Amino acid sequence: MSRSFAQLARTAENQKSSIAVSKEPLNKPPLEIYTLGNEVLRQSGHHISKVDCSIRDLAKDMLRSMYSAKGIGLAAPQVGIEKRIIVIDLDIENPATPPVVIINPKIISSSASIETYEEGCLSIPGVYLDVIRPSSIKLSFRDEMGRPKKMNADGLMSRCIQHEIDHLNGVLFVDRVNDKNELKKALQENGFNAKDVQTPPVNTE
Ligand SMILES: [Zn+2]
């Protein structure tokens, strides 16, 4: 009896491997997104050794907070949680598109070709500036069920993953902006302090 119950529970668990939540914005999102100047953004996320319900609940709370802020990507350090988990949804207007949960990501390889693209960040609202990054990446990670996955990403997905992995290492996109005059201006106009920008490490994953 207990065995079959356990089996049933396992089957149910496997079936709900999607962690989709409503994409409707909430007046009171579950998690607060910290902004530039807050030290938590400079903390690195720790490896997640076990992907369990608490991690899936965290992913759901992160998604609801991300949708409420109209963002397409969010990393745990942005909500003050030092764990290597990212949520991404490039299609936030479409309820049918499932989000992507990326746990313990590792970039296996990056393309030699690079691309300039205007980035923004929920932790630096109002600031949109050009950043140069590799065009495409090859990535290994675990999904929300703890399953090992590999992914080739290009375009916006590649850009978004690289931006979010930076967050897991305490790096922000403004650290990577080359045009320092534009950067200073944009930060000032949006009430941020240029002193909170850092020099990024040469190599981050
Ligand atoms: Zn960001």
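Two strands count as paired if DSSP finds at least two bridges between them. Helices (H or I, at least four residues) and strands (E, at least two) are DSSP runs, numbered from the N terminus. The model is predicted: local features need pLDDT of at least 70, side-chain atom pairs count only at pLDDT 80 or more, and totals for chains, interfaces and linings use all residues. Residue numbers start from 1 along each chain as its sequence is written.

Start with the whole protein chain. It has four helices and seven strands, in the order α-α-β-β-β-β-β-β-β-α-α from the N terminus on. The C-alpha trace spans about 70 × 40 × 30 Å along its principal axes.

Next, select residues 100-110 and 137-142. These are strands β3 and β6, which pair in the antiparallel sense over five bridges. Pick I103: its bridge partner in β6 is R142.

Now widen the selection to the sheet. Five strands form an open sheet, ordered β1-β2-β3-β6-β7, with antiparallel pairing. At the edges are β1 (73-75) and β7 (148-153), each pairing on one side only. From one strand to the next the twist averages 40° (axes are lines fitted to C-alpha atoms, for helices over the stretch in contact; angles run from 0 to 180 degrees between N-to-C directions).

Contact means C-beta atoms, placed from the backbone, within 7 Å.

Finish with residues 155-168, helix α3. Helix α3 packs on the sheet and touches β1, β2, β3, β6 and β7; its direction makes about 20° with that of β1.

Notes:
Two residues are in contact if their C-beta atoms, placed from the backbone, lie within 7 Å.
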